[in-house]
Amino acid sequence: MITLSNLTYYPIKACRGFDISESQVERMGLANDRRMMVVTPDGEFLTQREHARLALITPALKNDSVTLSAPNFDSIQIAIQTSGTPTPVNIWKSKGVSAIDQGEEAAQWFSDWLGTAVRLVHVDKNFKRKLNPDFAVSAEDHTGFADGYPILIISEASLQDLNSKLDSALPMNRFRPNIVVQNCEPFAEDTWKRIRIGDVEMALVKPCPRCEVTTIDKETLARDKEPLKTLAAYRKQEGGAMFGMNVIPLNEGTIKTGMSVEILESV
């Protein structure tokens with residue numbers, strides 16, 4: 001039986017994630033996943049590609065506030081603002097996404113840690129960032145500050161298959177999935193079109209092309225050619241080296257680790 005073995009959400013895009021035993025699935029992804037993002041003063045999004053130190057930031061959510069921590073650096077706690085005067089930000093091809101600035105204290109903390117002027121924003125609760133219509137199931141499908149789709153799913157077997165080809169095994173956190181499943185064949189997720197976990201149905205709409213963020217060690221920030229070099233040798237498709245599948249929730253509900261994964265439709 002295929003089961004859900006791990007759930008992870010990332011409060012701030014490009015920062016550390018948290019493993020949880022259950023999560024509410026919303027139409028825009030797991031609850032609290034990538035609702036916040038670090039941007040330049042002009043509103044351009046930041047990633048680990050150019051600011052690897054984002055990977056060392058731990059954002060902990062509690063009671064509508066976030067505590068920001070980093071190694072050997074003073075922590076702060078700020079109240080999260082989800083409404084107010086919106087500011088436009090850009091993420092990939094999504095221009096003018098409505099976001100709420102999180103204030104001077106958060107901006108200064110991130111700026112000091114990264115060594116450059118930045119702001120922290122939260123997606124405007126009244127804004128829907130629509131998905132690529134070529135892959136969306138519904139015109140209402142939307143996400144927060146994830147790269148392109150609400151959820152990313154990867155199987156443990158796929159990582160094991162990749163690691164069998166590498167000199168040094170890599171942890172799953174290199175790939176930053178939300179949902180990890182077990183007890184299936186390597187890359188079985190590539191063939192799934194619709195699945196159900198608990199009461200939540202999801203559409204798997206396209207493979208995820210991987211970038212240099214996967215080559216950054218999330219503890220030391222060291223960079224390497226792997227896993228992209230090996231993925232390119234056996235997982236290359238038009239658009240890049242694929243690992244994991246992008247997912248759109250079709251309804252809302254709660255999912256928990258240990259739940260069975262039912263394959264409703266496959267290729």
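## Exercises on loops and a helix

W92 sits in the loop between β9 (86–91) and β10 (94–101), where strands (E, at least two residues) and helices (H or I, at least four) are DSSP runs numbered from the N terminus. The model is predicted, so local features need pLDDT of at least 70 and side-chain atom pairs count only at pLDDT 80 or more, while totals for chains, interfaces and linings use all residues. Residues are numbered from 1 along each chain as its sequence is written, and side-chain values use heavy atoms, leaving out hydrogens and water.

**Exercise 1.** Describe the backbone and accessibility of W92.

*Solution.* Start with phi: for W92 it is near 50°, a positive value in a residue other than glycine. Next, take its relative accessibility of 38%. W92 therefore counts as partly exposed, the class between buried (under 20% relative accessible area) and exposed (over 50%), with a 1.4 Å probe and protein chains only.

**Exercise 2.** Explain why helix α2 is largely enclosed.

*Solution.* Helix α2 spans residues 156–163, and six of its eight residues are buried, so the rest of the structure largely encloses it. Those buried residues are A157, S158, L159, D161, L162 and N163. They pack against β14 (151–155), α3 (228–234) and β19 (240–249), contact meaning heavy atoms within 4.5 Å.
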